[in-house]
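Happy to walk through this one with you.

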Amino acid sequence: MGTVTAPFREAIDAVALAGGEALKQCYQCGLCTGTCPWNLVKSFPTRKLIHQAQLGIVDFESEDTWTCATCRACVARCPRGVAIIDIMRALRNIVAEMGAGHLPDSLRVTLKNIAGTGNPLGEPAERRTDWINDPQITTFTGEAEVLYFSCCVPAYDPNVRRVARATAKVLHRAGVRFAITGDRENCCGESVRKSGNETLFQKLAANNIAAFNESGINKIVVTSPHCYYTFKNEYPKLGGNFEVVHYTEFMARLIKDGRLKPTKPVDARVTYHDPCYLGRHSGIYDAPREILKSIPGIDLVEMPDHGPDSICCGGGGGRIWMETRKGERLSDLRLDQAAGTGASILAAACPYCILNFEDSILTTDRLGRIEVKDISELLAESL
Ligand code: SF4
Ligand code: SF4
């Protein structure tokens, strides 16, 4: 446990809200702790962390510093409008400034990968286009309607490349002229920023903004809600002003405009998991459901906790790159909720959610009980 010195205190104040008002506003009602989904699987004292920050105290060794998944459930309910996520980010920033030795091991490795190669998996930049199995996909030529930004996970993870491929297939079927910036782009930096490494985030953002500007592009379709949030809300402050569209919004529009006609039945009961960065952070709840409802054969059922009340998969806030002990995984809980609806498919719209759910299926006894598919895959199957 350590007391925050004056410069660090200024860092909390500056990051959290101008003048430190974010901290002063908290009157310790505890609603944030009562709302936080982590308390369904373990103890996580959100209110206590805020109180310690008010007192200028940081426990440099506590795993609580790294637990918040930035799901925004508490922010939405806080009666004082406290910027809880910004305060968590400020705490991480302070601990990270004390040295990389204070970071969780797996996060430290991932940040090193991103700093060295531009992606969390540590793969060479030139392999960023390995997911492409269609010769029609090109780097940006100036003739395309939109840029497609796949996110690092579908670009590099062999088990998730299917998501980028399905998206490309759907766009092609709709006659959308799209292109990519290939190895010129890098990680959007969202998990880096939420992990407290502001300097690395700024570097990643500057490179992407330069790549997008060089291509002359002004409309970007993204797979990941994390890229979506960051391009839309963080990049404009750094000079990157683009029209950003999540692929579910884009595809729902293509269906409405008659450019896509799902005709092949996908006979299955499906439930949809609202990703935190698409739902609570960005207010996009309808488009994913409109796509699913347009696919013949799909029986869409809702989990009790859905829409604004959806429970986080546990992957936000950089947690996707940190170990979560067995028995404490929100993705396990969420899979049980999905299976409880009688659905055979859990539909997702975020690569981090897919990674977490597939890991939960493999590490528990849920194999064969439910399958995880991205909405783009289900739509591609129906064309
Ligand atoms: S819900 Fe808001 S006011 Fe209440 S303890 Fe949490 S941060 Fe403070
Ligand atoms: S943002 Fe989500 S994970 Fe973080 S403290 Fe709030 S409810 Fe918990």
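Q: How many bridges join strand 7 (residues 268-272) to strand 9?
A: Strand 7 and strand 9 run parallel; strands here are DSSP E runs of at least two residues and helices H or I runs of at least four, numbered from the N terminus. Two strands pair if DSSP finds at least two bridges between them. The number joining strand 7 to strand 9 is three.

Q: What should I know about numbering and confidence?
A: Residues count from 1 along each chain as its sequence is written, while chains are lettered from A and ligands numbered from 1 in written order. This is a predicted model, in which local features need pLDDT of at least 70, side-chain atom pairs count only at pLDDT 80 or more, and totals for chains, interfaces and linings use all residues.

Q: In strand 10, which residue is the bridge partner of leucine 346?
A: Strand 9 and strand 10 (residues 371-374) pair in the parallel sense over four bridges. Leu346 points one way from strand 9 together with Ala348, while Ile345 and Ala347 point the other way. The strand 10 partner of leucine 346 is valine 372.

Q: Where do the buried residues of helix 14 (residues 286-294) sit around the axis?
A: They are Ala287, Pro288, Ile291 and Leu292, buried meaning that 20 or more other C-beta atoms, placed from the backbone, lie within 10 Å of a residue's own.

Terms used:
Buried ≥ 20, exposed ≤ 12 C-beta atoms within 10 Å, placed from the backbone.
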